[in-house]
Amino acid sequence: MVATFGLLLLFGLILQAVAADDARRIRIATAHSALTLLVGEDGRVYELGYGSVNKNGFSHERTPAREQEFYPQAGDGFVLEPALQATHADGNVSTDLIYLRHKAQVVTTNISLTRIELKDPAYQFFVTLCLKAYASEDVIEQWTEIRNGENGAVTLDRFASSAPLLHAKEYWLTQFQGDYRREATLSEEKLTPGTKVLDSKIGTRATRYRIPSFILSLNGPAQEDSGEVFGGSLAWPGSFQMAFDVDWNNHLRALCGINPFGEEYHLKPGETFTTPAMLWTWSNEGKGQVSRNFHRWARSYGIRDGDTPRPVLLNNWEATEFNFNEKIIVSLFDGAKELGADLFLLDDGWFGNAHARTNDAAGLGDWQVNTNRLPHGLSYLAAQANQRGIRFGIWLEPEMVDPASDLYELHPEWAIGQPHRAPDLFRNQLGLDLSRPAVRDFVWQSIDDTLKPNPGITYLKWDANRYVTQPGSTYLPAGEQSHLLVDYNFALLNIMSQLAKNYPQVTAMLCSGGGGRVDYGALKYFHTFWPSDNTDPRDRVFIQWGFSHFFPAITMSDHVTKMGNRPLKFALDVAMSGTLGMDLDVSKLSADERATVAAGIALYKNELCDMTLRGNLYRLESPYDHPRAALDFVASDGSRAVLFVYQLQDAANKTVKLRGLDPQMRYRIDEVNLPAGEKSKLAANGQTIDGATLMRDGLVPPCQKEFESSVIELAGEK
Ligand code: DGJ
């Protein structure tokens, strides 16, 4: 009896302890992943694990070691890389963050928002950790709000958006680095103890040398279809820092946010600093699923009109560069129409009068139509295009100024630059200082004054061809020069959001001297981005492959051009796996070439784009490891699919195993986009094969020679 009572008492105590533990746990869950936090008995917030819903990786002590803190702060006993470093109004360089309360709110049936409020017990200094969970996409978006309630300014030296701790035997990091014309080049390495930093310090359009997105694979190199993999992407177009710190416990902390280098921020009393958002996703089915999570998230929440196919456009840049006039432009409309384009995009060179933009040395900042070249103005051009049944779009580079411009003559102080330093020109231009309110108004006005009087303009390509090498502002006081690049990027995002809000009918492309600005902060206000000025389809296979890890095909403007002199079919097949467009002088194409492009566009519009732009991507064979690249897109209900194969070196033809199909479904196989009159050499052409067999045994695409390619449609039959 006594023994039974003792047991019951013990059981009761255990239950109480579990309930108390549960009350101290904060769980942010998606369909397949969970981030579990614990409020320790010391009031600090610790991480118990992030990954599988069923697994918590770390110590479950009631007060774990400081290394396990979820958002570590510098200065008072913490010895690793901190997420937050602040100097308080009284000069104290340490911060302690203690839990006050948290609140989980249901935003929609798919989205929940958890806000965890922390405070320094000695200061009126508040930090709120915000975590938005997108259940069905398995994405967690995290940002931090930092409020200064002290009597004087607080300096933020570091202010990460997110700094989760991961737990595995090994960590493999894939980064996507590059430069102009070789954007998003993939490289993977095993992390060793210490800190590996991936960053950008160039302030604006900061992805020129690296994108703020990465893949982290646990316990081995990332595989497409297996293994635990995290994907991270910072929604910020400015300088960023991703610091991967493997500590003495072999835990990995991934600190991600605005680059603190040269960007310390003085927060006035009463002010709140909100960091950009960091997006995380996790899968135990490899990086392929991580990409599909990002893609689904982007289409639903991350970009404009994520479910609407983009217009097929003809751009004049590679065909004419600056050498055009009204007659030439109008003459190009007919070619665009003949090929089946939906829209004509007039690129750089349409503006500037006293400083005409006839080359890249003058005119930026003077956004008035050049009356010499285009005497009837932009609405006339739009009307001419519309008469031929196509829409009209225009190029702008609103953040920039050329010293040879009316604007610079009037306002040299509006350019970013430093005292006692000769202006460091890049492509002959300077950036405008968006920290200055008058400049912000001017930039918005330039956009508005171009679009409002010309309602026929329904497409905008927003370019930015230089980054910042001399951060300095004549507007900001001496003590706040380090605010420039932070204020610049927040102001930029504001203007971009104003564009999206005021001009919902204008489709927008984010461009930046190729892919110099590719991040979900800016993309939120755009439909597509321009991955690279390198449109040689051979190189584009790699560039598109890299970006596809984070960005869905609907966001990637991929144009058919003559660059590299590759077979036209190859160029078309490569561009068709993204948002198809063209940059061709139609008058220089032969009749056969015109027919080939027109047939390709019709096929894309009528059949393929539904799968490529809305379906699920499976990367099948990487061009980094194989003599060819292969990928398939499967409609979300599994009823249709399309396989693309790009041969990059001569090699014997081999089987490609498809993925993502419905195993039970029977698919009719048809090779498409064949040269006129040519029959498919695909053995299975015209056959009907079930999904399970196609995924197990595959198909043998008829590609062997360099630059052969094949597009194979699979139509499900009930
Ligand atoms: C750089 C862009 O990437 C190109 O597509 C083109 O728009 C030029 N700028 C125009 O100056």
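**Exercise 1.** Find how far a polar side-chain atom of lysine 461 lies from an oxygen atom of the ligand.

*Solution.* Start at lysine 461: one of its polar side-chain atoms sits 2.8 Å from a ligand oxygen. Next, look at aspartate 348, where a side-chain N or O atom is 2.6 Å from an oxygen of the ligand. Then turn to tryptophan 395, whose polar side-chain atom is 3.1 Å from a ligand oxygen. On its own the ligand exposes 290 Å², and the protein buries 98% of that (Shrake-Rupley method, 1.4 Å probe).

A word on the model: it is predicted, so local features need pLDDT of at least 70 and side-chain atom pairs count only at pLDDT 80 or more, while totals for chains, interfaces and linings use all residues. Residues are numbered from 1 along each chain as its sequence is written, and side-chain values use heavy atoms, leaving out hydrogens and water.

**Exercise 2.** Work out which residues come nearest to the ligand.

*Solution.* First, gather the 13 residues around the ligand, each with a heavy atom within 4 Å of it. Among these 13, the nearest are Asp347, Asp348, Lys461, Asp463 and Asp533. Finally, sort the shell by class: 6 charged, 4 nonpolar and 3 polar residues.

**Exercise 3.** Decide how helix H7 is oriented relative to helix H8.

*Solution.* Locate H7 at residues 437-451 and H8 at residues 484-502. Their axes are 10 Å apart, and the packing angle is about 25°. H7 is therefore roughly parallel to H8, a label for angles under 35 degrees.

Notes:
Polar contact = N/O pair within 3.5 Å; in protein donor to acceptor, adjacent residues only side chain to side chain. Nonpolar A, V, L, I, M, F, W, Y, C, P; charged D, E, K, R; others polar. Axes fitted to C-alpha atoms, helices over the stretch in contact; angles between N-to-C directions. Helix = DSSP H or I, 4+ residues; strand = E, 2+ residues; numbered from the N terminus. Parallel < 35°, antiparallel > 145°, perpendicular 65-115°, else oblique.
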